[in-house]
Amino acid sequence: MSTPEQRRFIGRISGQIIFALGFLAFSAVLLSQIGQETKWVKKTAFFAQPRFWPAIGLGGMVLFGGLHLWRLPRRRPQRTDLNEARIWAQPLEYALWFIAYVLLVPRLGYLPVTMGFVPLMLWRMGYRRAPILWAGVGFGVVVVVLFKAVLQVKIPGAAVYEYLPGGLRSFFILNF
Amino acid sequence: MDVFLASIEILMRWDVILALLTGSVGGVLIGAIPGVGPAVAIAILLPATFSLDPIVGLTVLLGIYGSSMYGGAIPAILINTPGTAVNALTTYDGFPMTSRGEARRALSLAYSASFFGGIFSVLCLIFFAPILARIAPMFGSREIFLAALLGIILVITAHRRQTLIAAALACFGIFINSIGLEAVKYTKRYTFDQAFLSSGINLIVVVLGLFALSQAFYLLQGDDEKTRITKLKGGLFQGLRELARHPRVATVSASFGVLMGMIPGVGEFTAQFLSYTYAQKSSKRPEDFGHGSSEGLIAAETSNNAVPAAAMVPLLALGIPGEALTAMMLSVFYVHNVVPGPQLFQNDMPFVVALYLALLLLNVLVLVFLLFATNHLIRVVKLPNRFLGVCILTLSFVGVYSLRNSVTDCIIAAVFGLIGFVLKRLSLPSVPIILGMVLGGIMEVKLRAGMARVKSPLDFIDRPIAFILFVMILGVLALHFRRVWLDHKELREEKWAIKHASTRFGAHLSRRRNFLLTERGKQVRARRSMLSRPSTDKN
């Protein structure tokens, strides 16, 4: 049965203790480095010291993070907390997909990589029907044309475009 | 009059008109898709607007901000899922109307109420612009520091029952902002001798990570939801007539929206809560609220749409954003070397008025678009979650990579995406991190400048506005501590209801001690020892 504190708590309770402990440990480690990572400049006012604002930030993180941990409705880790932490690890895969996409664009080109990435990712997500995969390809083309060709956002031309013949090479570098 | 004509001239440019159209239609579409929201869209589009003129870029972003709430009402009314977070209250009365077969009436009323809220707030601001222009120059470094401090305190205290973690996350934002080469003494702060940290962590990278990538991860990790949409019957213009029958609720709700929008950190939720409570208390049929009341729907939609224009006031007049979306817009100003604040009102008033007029036109465009395109628009509500997740992931790349073509930025954004995902899972707020970064930067610069001119700490508040702001900070803190005390009392009462003894640990120990020391305790122990079986041990 849940306690009044647990009933009044906003959000899920599972995982809170792990997050709060991790946050506090991270803040305390950073605060312990303040002597090495910031400088105290002589003949400078207290509020203008380079160390002042990192100290405010980290001091606040330790103080309020500690108080948050103390006020948690349950401070003893349970199996449900570990299950929640396992769920936190799941998006790591998507983050790696994203980094792979980032690394491939300057080599193979924004248009080809996007046209491959979107349907591949949709396939990974469990979509197997051809119309939705083609919709993914179409979405990729629209994104590239809109941002690179129309809005001219700064995405460099791919290394592979160097092998294209004269006019086509500059057209692809500029637009795709 | 000259200012007005000059601002009309700015608005008549073809690129500004195109930006208005794109922003308004795009914002409605984004709002109508549950799971995307204006924060994700603005974060993604932000770097793309850097190459545009400030007025064009800001018009697109403002368009998305202002019109997303119109679109957000569609899924809130039709499938009981708010398109944007601020449409949550719309579901209370909108969806019951749909269940009764009055979906079109609910949509029409929501559009009309939103339109009224939007127009009312812009007119208020145009009317008050000359007064603001007179007050804004009275804000020096000290006043801006105190206003930023007030903003950060309001943002933290607005997260009721999550204040401690909101404060910790705001401090995390202040810390992130301090990383890198510090601009006055040129010393490194928390760079750990890594070259990529010397230039600091970019606000937009953090914003994209916390809002766009985390949302993509959240959608990809979840399941697709099946949605059934009711067919729309009837006219969409009836809402305007129905709104005209409730002028008092509409006006009061819009006024709450304007007032709450102007206060940093407060925003739509408080405005909606106040408006809805007022509408319910003053209604002849309060029992209908939550079961499809037209007044409830008007209160919710009018107040949230009155906020965007009002939220631009602290940003334009003082350079202080009150929430995450205006914090993102601040970076558009910085990129173009336009410094929002008192000087903007003094030197570039046509620009300010043009922005307000753009918001006014935007509301008209959105209403017209929605009245004619709702039937087609409701299809986007059905987009599957994981498909959307893939789309957001793809679009996030444009936002992060186009900033500096840096893979490191993308890795940092991915890390913040994972942090944002954890925060989302735990229902913890990520907005304090962004506001801590933005307001922390402002406070650092303004405190240094302000303290250079004061001899004693009391001199810091010797000017009227500084003193008023200081009193306001004390007032907000006092109110917050009072609320914490009342919450604590309420919790104790709740515990008392299920427990007969005192809930205090001290009292528990004291009772135990008394028991052990009293004569009765001794007697009881003596009696119990008599009853216990004699020892059979032989010495």
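Which residues in H6(B) meet which residues in H12(B)? In this predicted model, the H6(B) side of the meeting is made up of B:Ala113, B:Phe116, B:Gly117, B:Phe120, B:Ser121 and B:Cys124. Facing them from H12(B) are B:Ala250, B:Ser253, B:Ala254, B:Gly257, B:Val258 and B:Gly261. Sorted by class, the contact of H6(B) with H12(B) has seven nonpolar, five polar and no charged residues.

Helix H6 of chain B spans residues 103-135 and helix H12 of chain B spans residues 247-262; they pack at an angle of about 55°, and their axes are 9 Å apart. With that angle, H6(B) is oblique to H12(B). The crossing of H6(B) and H12(B) is right-handed.

B:Leu359 belongs to helix H17, which covers residues 349-377 of chain B. B:Leu359 counts as buried because 25 other C-beta atoms lie within 10 Å, where 20 or more are needed. Apart from neighbours within four places in sequence, the contacts of B:Leu359 are B:Leu62, B:Gly66, B:Val122 and B:Ala309. For one of these, B:Gly66, the C-alpha atom is separated from that of B:Leu359 by 7.4 Å, although the two residues are 293 residues apart along the chain.

Turning to chain A, the domain assignment gives domain 1 (4-89) and domain 2 (91-175). The C-alpha centres of domain 1 and domain 2 of chain A lie 39 Å apart.

How values were computed
Residues are numbered from 1 along each chain as its sequence is written. Chains are lettered from A and ligands numbered from 1 in the order in which they are written. This is a predicted model: local features need pLDDT of at least 70, side-chain atom pairs count only at pLDDT 80 or more; totals for chains, interfaces and linings use all residues. Helices (H or I, at least four residues) and strands (E, at least two) are DSSP runs, numbered from the N terminus. A residue is buried if 20 or more other C-beta atoms lie within 10 Å of its own, exposed if 12 or fewer, and partly exposed in between; C-beta atoms are placed from the backbone. Two residues are in contact if their C-beta atoms, placed from the backbone, lie within 7 Å. Axes are lines fitted to C-alpha atoms, for helices over the stretch in contact, and angles run from 0 to 180 degrees between N-to-C directions. Angles under 35 degrees count as roughly parallel, over 145 as roughly antiparallel, 65 to 115 as roughly perpendicular and the rest as oblique. A crossing is left-handed if the near helix is turned anticlockwise from the far one by less than a right angle, and right-handed if clockwise. Ala, Val, Leu, Ile, Met, Phe, Trp, Tyr, Cys and Pro count as nonpolar, Asp, Glu, Lys and Arg as charged, and the others, Gly among them, as polar. Domain bounds come from an automatic or database domain assignment.
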